[in-house]
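Hi,

Here is the structure I promised to pass on. My notes follow below it.

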Amino acid sequence: LANEGLTRDDLTDLALLRLDAVVSIAVGENGLPGLAHAASLSPANDEGRATESLPPRHPAEFDFDFGLWIRELENELARATATREVGPDERAILVSVTAGRDRETLEMHVAELRELARAAGVSVVEVVTQSRPRVDPRTVLGAGKLSDLVIRCFQNDIDLVIFDQDISPAQARTLSERMELRVIDRTQLILDIFAQRATSGDGKLQVELAQLRYRMPRLAQRADLSLSRLAGGIGGRGPGETKLESDRRRVRDRITRLERETKRLTRQREGRRRRRDRRGVPVLSIVGYTNAGKSTLLRALTRSEVHIEDKMFATLDPVSRRLRFPREREVIITDTVGFIRDLPEDLKAAFHATLEELRDANLLLHVVDAASPDVDRRIRAVRDVLGELGLDDKPELLVFNQVDRLPEDEIEGLARRYRAIPVSALEGRGLRALLTRAEDILWDDEKRCPGEEERFLDLAAEGG
Ligand SMILES: Nc1nc2c(ncn2[C@@H]2O[C@H](COP(=O)(O)OP(=O)(O)OP(=O)(O)O)[C@@H](O)[C@H]2O)c(=O)[nH]1
Ligand SMILES: [Mg+2]
């Protein structure tokens, strides 16, 4: 070896091959040994140190007690793993590359990924970010950061690595080979949450379909891999290919069946919707970003039991209730699955089927968590989905929820800026103003005059 000491690959092997230590010995031109470098893995530490190295020295001067050194480090490693929380939770590291996003955006996206991980029941041990203009085409992260990550995973007894950006089938393969760990992206995480939550037959069907569509190209990759291992890279045809072909055919068949079933259900729903005799009862539909408090608002308005949770995508299946307005008029009010930015393509189709019901809406109540740090982005994300659904011409009423989490003197200004009704679904505040305003839009459309903006804000300021 040249006199280069230990390379990054040598250090990564410490974790991958579960080695106690690596030592490299340089060989001089005359064949005589040069300096020796030795390193071992560090126990998890706050400084983010991955390995411990000994000062390089000549092999003949290595009078060092390796056994003792390794035993001490191992004791520390064992102590670190003994104190970790045990439980069914999988331990994950989140990874994000800036890839053109500014720091603030990256942080919001990472915070959201953390929420998604929590909703999936994963415990996040660490977040690794890297500033790079774009993702590495093979490994997403740069080489140095990746080998660091491998070691961090080993130190922290990690089960799973979750990438904020979507990773291609080829990247997924390279990454899980290099890390010898399960590697998933945001799309898979969201699919997983949906799979955990789906209860209705229809919902389960949609999620399975989305999962299969997502897996199809990845399946080919995995089978290729087993093929090359089976055949030792020689020849092309073997049991691997047969397996690959049959796997793909099975998945394709299942996709076709599910698609047919989904179409049938869609027709059935349409028929039901047409037949439903509402005698002109208007429909108010609650929409909004996930975890904004939509179900809480439905519960507060109708005093009915609905499922509420501080988790993203707590609601998957649409719910509708009857609601009596102050002037004894009745509407149907519906709650549905929450929206999210950059919804994965495979989930969009599934999602859109559930949102068909929104076509019947006479008014959309767009619920926003007014205390969230990225109100604007979330409003835009929701409006984008509405646009894709062809619902952007529906009347929309912005409802700024969770104002109990805002300083009192900011509420009115914020609501005025967005022309929103401030409410707290949790405390039942602002609900009367909300209903009055909705009633105005639904029935007194023609009577609205230019000054009404102020009028409803006054009502809003009064509280519910
Ligand atoms: N402080 C406060 N918390 C609220 C308010 N409204 C809802 N929450 C909380 O926000 C969390 C999410 O509420 P949900 O009603 O489940 O939200 P959602 O929009 O239906 O969420 P998904 O169905 O997951 O998309 C829960 O922990 C609620 O208690 C509010 O007005 N104030
Ligand atoms: Mg909900």
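**Sheet and helix packing**

In this predicted model, three strands form an open sheet: the 3 strands come in the order β1-β2-β3 and pair antiparallel. (Strands are DSSP runs of E, at least two residues, and helices are runs of H or I, at least four, numbered from the N terminus; two strands pair if DSSP finds at least two bridges between them.) β1 (22-27) and β3 (51-57) sit at the edges with a single partner strand each, so one side of each has no neighbour in the sheet. From one strand to the next, the twist averages 15°.

β2 (residues 33-41) and β3 run antiparallel and are joined by 5 bridges. A38 is opposite L54 in β3.

Helix α1 (residues 8-16) lies across β1, β2 and β3, at about 40° to β2. Axes are lines fitted to C-alpha atoms, for helices over the stretch in contact, with angles from 0 to 180 degrees between N-to-C directions.

Then there's a helix pair: α4 (residues 143-155) packs on α5 (residues 169-179) at about 50°, with axes 10 Å apart. That makes α4 oblique to α5 (under 35 degrees counts as roughly parallel, over 145 as roughly antiparallel, 65 to 115 as roughly perpendicular, the rest as oblique). L146, L149 and V150 of α4 make the contact with L175, R178 and M179 of α5, contact meaning heavy atoms within 4.5 Å.

On conventions, residues are numbered from 1 along each chain as its sequence is written, and chains are lettered from A and ligands numbered from 1 in the order written. Local features need pLDDT of at least 70, side-chain atom pairs count only at pLDDT 80 or more, and totals for chains, interfaces and linings use all residues, while side-chain values use heavy atoms, leaving out hydrogens and water.

Cheers
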